[in-house]
Amino acid sequence: MTDEQPGTYTNPILNADWSDPDVVRVGDDFYLTASSFGRAPGLPLLHSRDLVHWTLVGHALERLEPAAEFRTPRHDCGVWAPSLRHHDDRFWIFWGDPDQGIFQVNAPQIRGPWTRPHLVKEGKGLIDPCPLWDEETGEAYLVHAWAKSRAGVKNRLTGHRMHPEGTAVLDEGKLIVEGDRIPGWFTLEGPKLYRHDGWYWILAPAGGVETGWQGALRARDFFGPYEARIVLEQKDTEVNGPHQGAWVRTASGEDWFLHFQQRGAYGRVVHLQPMRWGTEGASRSNEAESGGGWPVIGDEGAPVLEHRRPDLPAGPPAAPATDDDFPGGRFGRQWSWTANPQDGFATQHSADGLRLTCVRTADAHDLRTLPNVLTQRLPGLPSAVEVELRLHSEEPGARAGLAVLGDAFGWIGLQREADGAVHLVHRFAEPVAETERDAADPRLAPEGRARLRIEIGSGARCRFAYDVGDGEGLRYSGPVFAATPWRWVGALLGLFALAPVGTGHAGAASFDEFRIRPL
């Protein structure tokens, strides 16, 4: 995010894969969470005072459950489309695991302590849940969507009465919106439930991730019937599929809407849109009869790229952290493992720098299958990523490196050979390949260390480079590699250390001075 001129902001405000955002205001503070799928820790928690600048303050989910299901990577599974709410002096997050059901965690403060996941409703294909504690009636409700890949149905929303403590649904559920009955609508999902002006409102996307639109549905009764309108769509802008997000109102009464845009390997970046309640598309007489207007988002229903800032005290420029010196051997909040971590993945020590254990595995040929890859999101702007690496392991076949990880992957790093020498290696695998292969010939790294670099250009096209300290400086390696996402998850940057199957401790590799700089 950069400002075009004072007093304005430019979209996207979060230019990385903060997928399926939901936002809540508590006092003068705004909090955001997003999908984290199969990574741990999950459910990232971001904070802002001005809706434009955000910092990452923690995670609500230390490990995915059931823990055994996420011992190995399940990149497109796990935490889908969470909803964040504040009720009864507690923060609540509900999410759907498409293979398990609807879960909930809660905490007295955004930084925790968060409860362990509680299964609210068991079942396959239950996704995108959102609760509502109705202050007007005292009732509690829950709405969710369906994943056809698990349940055999989609394009519909189911509503439940919910226990006031958010622990269970109190009925079998009722189909409250059937998308097939709305002309032209398909893949209705991601509902966010609100009460406003005497109506129950569901803000929900439809039309698919890359090319869809944002819908609004309203009814006088939670269980319907609902009427629907499209309130945000691409129109003649460059913002494809502007949908699935959150309505938030500032303390002064301004309304704003945050949503994502699917950008290929970069994942789902977050935009901020102005919002108001108006009479768009309806006569004044009809509005009087129906009791109020519909949301008007962006520029009369089209997404804006630049706009006046919210009427809030401007904070200093801020963004979720990316750089890391790994002080005291610990990694920052921006990192997550590709599955539930196991003891010994990283070694704690007093000095700065991250020491990763060379984990023994029979699957070193395919980084996509390994739980001990430490990842963070791919930056959405052209950037250079650098890190210092030293391979300490004396084990033949031990390796460590810096990766771009997705349905395809590429990495550059160091490997110990049978004769004890350390080589700089650069490897990759296509999406259909089951094993990696060389992207360039190995090169001797005489000191067992290297400065690794990946330059990420437009279209997430990556150039790998290295400096092994032999006096020749930085050199490029191999052809350009095009980063790719998984089905629902953007590409990731990753650090890893591995060793072949064997007995005993296989040693470690150390990483230091991780940096991301704009190109």
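Colleague: Which element gives the most to the lining of the second largest pocket?

Modeller: That is β38, with three residues. This is a predicted model, in which local features need pLDDT of at least 70, side-chain atom pairs count only at pLDDT 80 or more, and totals for chains, interfaces and linings use all residues. Residues are numbered from 1 along each chain as its sequence is written, and side-chain values use heavy atoms, with hydrogens and water left out.

Colleague: What do "pocket" and "element" cover here?

Modeller: On a 1 Å grid over the protein atoms alone, a pocket is an open set of points with protein on both sides within 12 Å along at least five of seven lines, and its lining residues have an atom within 4 Å of a point. Elements are DSSP runs numbered from the N terminus: helices (H or I, at least four residues) and strands (E, at least two).

Colleague: How much space lies in the second largest pocket?

Modeller: About 610 Å³, a volume being the space filled by probe spheres set on the grid points. The lining has 28 residues, of which N15, A319, P320, T322 and P379 are the closest to the centre. Two or more lining residues come from each of β27 (374-377) and β38 (508-518).

Colleague: And what is the volume of the largest pocket?

Modeller: About 700 Å³. Its lining consists of 21 residues, and those closest to the centre are V24, R85, H86, E135 and Y194. Two or more of the lining residues come from each of β2 (22-26), β6 (80-87), β10 (126-133), β14 (192-196) and β18 (243-249).

Colleague: Where is L51 found, and what is its phi?

Modeller: L51 lies in the loop between β4 (42-48) and β5 (55-61). Its phi is near 70°, a positive value in a residue other than glycine. D197 also has a positive phi, near 55°, and is not a glycine; its place is in the loop between β14 and β15 (199-206).

Colleague: Is L51 buried or exposed?

Modeller: L51 is buried, with a relative accessible area of 0%, whereas D197 is partly exposed, at 45%. Buried means under 20% relative accessible area, exposed over 50%, and partly exposed in between (1.4 Å probe, protein chains only).

Definitions and conventions: 1 Å grid on protein atoms, 1.4 Å probe; cavity = no way out; pocket = protein on both sides within 12 Å on 5 of 7 lines; lining within 4 Å.
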